[in-house]
Amino acid sequence: AAANIGVVGLAVMGSNLARNLASREGNTVAIYNRTPAKTEELVGAHPEAGFVSTATYEEFAASLVKPRAAIIMVKAGAGTDAVIDALVNVFEPGDIIVDGGNALFTDTIRREKAVRATGINYVGMGVSGGEEGALLGPSIMPGGSDESWVTLGPILKSIAAVAEGEPCVTHVGHDGAGHFVKMVHNGIEYADMQLIAEAYDLIRRGTGRTPAEIAEVFAEWNRGELESYLIEITAEVLRQVDASTGTPLVDIILDQAGAKGTGAWTVQTALDLGVPVSGIAEATFARSLSSHPEQRSVSRDLPGPQDDLTVDDVDAFIEDVRLALFASKIVAYSQGFDEIRAGAAQYGWSIDLGAVSKIWRGGCIIRAQFLNRIADAYAETPDLPVLLTAPYFVEALGRAQDAWRRIVSTAATAGLPSPAFSSSLAYYDGLRADRLPAALIQGQRDFFGAHTYKRIDKEGTFHTLWSGDRTEIEAEDTH
Ligand code: NDP
């Protein structure tokens, strides 16, 4: 036994993670892949890594020091279950099996429970940053037991991205907490991308600027409070010219956005938890809408407004769009953190929301300056019920809201879809409202289903005899 960490699954993510591990002081990495040719290929291509190459699960287990720790990086789903079964057979109580794939957190909860019964630790671990992150330093979101963190903590800290001197990894919480947080990370990523796309579309259609010119706008924004990886790469994508046609690449790419399902998981889970992640939901649905060409082609002639968008003061308009983007982004993150808070309460996890915002500052797709402000907000008030009510965000929203309203109304008047901008504003105004028309909905529910209601002026639960003489009676609470 010579290796302190093992990796099972040597496709792009696993091999990059294994190389990253091997490159750090103190690590010796055992590797295993179902198809042995891939193992040999990796060893041959990277002799500097000093991999301990193994051809069977028995050999793999024998090559690891105890407690053994192995990271699984295989195709999520059946592949993960197959590897877990194989490792449980060759590992011993106290050893650690880590799933670094994109598993649904409820699967992780199920697997953790089953593996824990054998005395082996099971850790569901979110890894963000794609191939490059895996190789150079990802943002890592491990769940699992405290016991497993003792062994894994130093190893994961050695390979994680570093942001402002701190490694982008924290023990998120028990069992499925890591995969839950990774799921919400991806949901926020969907919202952030959709908001940027809406900003681009408004500027393009409102000002007639070319993609290359708009790239300069994003590059400029990346020097201010919007500074982030996604804004940075947006400028890169907009600058790109298609080699075969000489037109901007963004005009050649088919406008149908794909998805691998983590955005949908975030929204499905939010619906179950009763958390309004409307920005993430609109972003997910916007991808769905884009991907139905048969519906779009028959809808093209639907009536729209008479006039196209015309903008008199281009600079002022672009600044309005920037502020609308910033305000909507605050809403998206606030909603995402709300989902983590609700998930933690539901599943009994103790999650430090400030620590989560800090580990997203490096390595991952949503890395941004702005996450420091979220960390500040939770440092100040750890149990803040609504993130966007923290002083920094209140100031920013106060500064942005007039522009945000102008942009949403301009887009609606001109017939430009801005689902994430407008739903974020509606959420904001819903939160702010003194009274909501939910009172009327309660009245309707009581009318057709005797669902009862509460009153603002006295305790108790009430029902109006709608089909009788319409007097009010005290009722059982059937909310
Ligand atoms: P793939 O998802 O393409 O999976 C291929 C690997 O899975 C191969 O090593 C394959 O072995 C192995 N495998 C599949 N089925 C089995 C099985 N039944 N038993 C044993 N091994 C099996 O690899 P990626 O590297 O793209 O992703 C790995 C994981 O990381 C996935 O869960 C993915 O969701 C996640 N992830 C991916 C990111 C990305 O940017 N790609 C980012 C973050 C997470 P063989 O060679 O024998 O076929």
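These notebook entries record what I looked up in a predicted model.

**Basis.** I worked with a predicted model in which local features need pLDDT of at least 70 and side-chain atom pairs count only at pLDDT 80 or more, while totals for chains, interfaces and linings use all residues. Residues are numbered from 1 along each chain as its sequence is written, and side-chain values use heavy atoms, with hydrogens and water left out.

Entry 1: Over residues 178-467 I noted 65% helix and 1% strand (DSSP runs, helices H or I of at least four residues, strands E of at least two, numbered from the N terminus). The end C-alpha atoms of this stretch are 52 Å apart.

**Entry 2: the ligand.** I listed 20 residues around the ligand, of which Met13, Asn33, Arg34, Thr35 and Lys38 come nearest (a residue is near if one of its heavy atoms lies within 4 Å). A polar side-chain atom of Thr35 lies 2.5 Å from a ligand oxygen, and one of Asn33 lies 2.7 Å from a ligand oxygen. Val12 instead places a backbone N or O atom 3.5 Å from an oxygen atom of the ligand. Taken alone the ligand exposes 900 Å², and the protein buries 77% of that (Shrake-Rupley method, 1.4 Å probe). Helix H1 (12-22) and helix H4 (78-90) are the elements that give two or more residues to the shell; H4 gives the most, with three.

**Entry 3: salt bridges.** I counted 30 salt bridges, each a side-chain nitrogen of Lys or Arg within 4 Å of a carboxyl oxygen of Asp or Glu. In the pair Arg361 and Glu164, the closest N and O atoms are 3.8 Å apart. Arg361 lies in the loop between helix H16 (353-359) and helix H17 (371-380), and Glu164 in the loop between strand S8 (162-163) and strand S9 (166-167), so the pair ties together parts that are 197 residues apart in sequence. Arg361 is buried at 12% relative accessible area, whereas Glu164 is exposed at 57% (buried is under 20%, exposed over 50%, partly exposed in between; 1.4 Å probe, protein chains only).

I also noted Arg399 and Glu395, whose closest N and O atoms are 2.9 Å apart. Both lie in helix H18 (residues 391-414), four residues apart, about one turn of the helix. Finally, I recorded a network of salt bridges that links Asp81, Asp99, Asp107, Arg110 and Arg111.

Methods. Polar contact = N/O pair within 3.5 Å; in protein donor to acceptor, adjacent residues only side chain to side chain.
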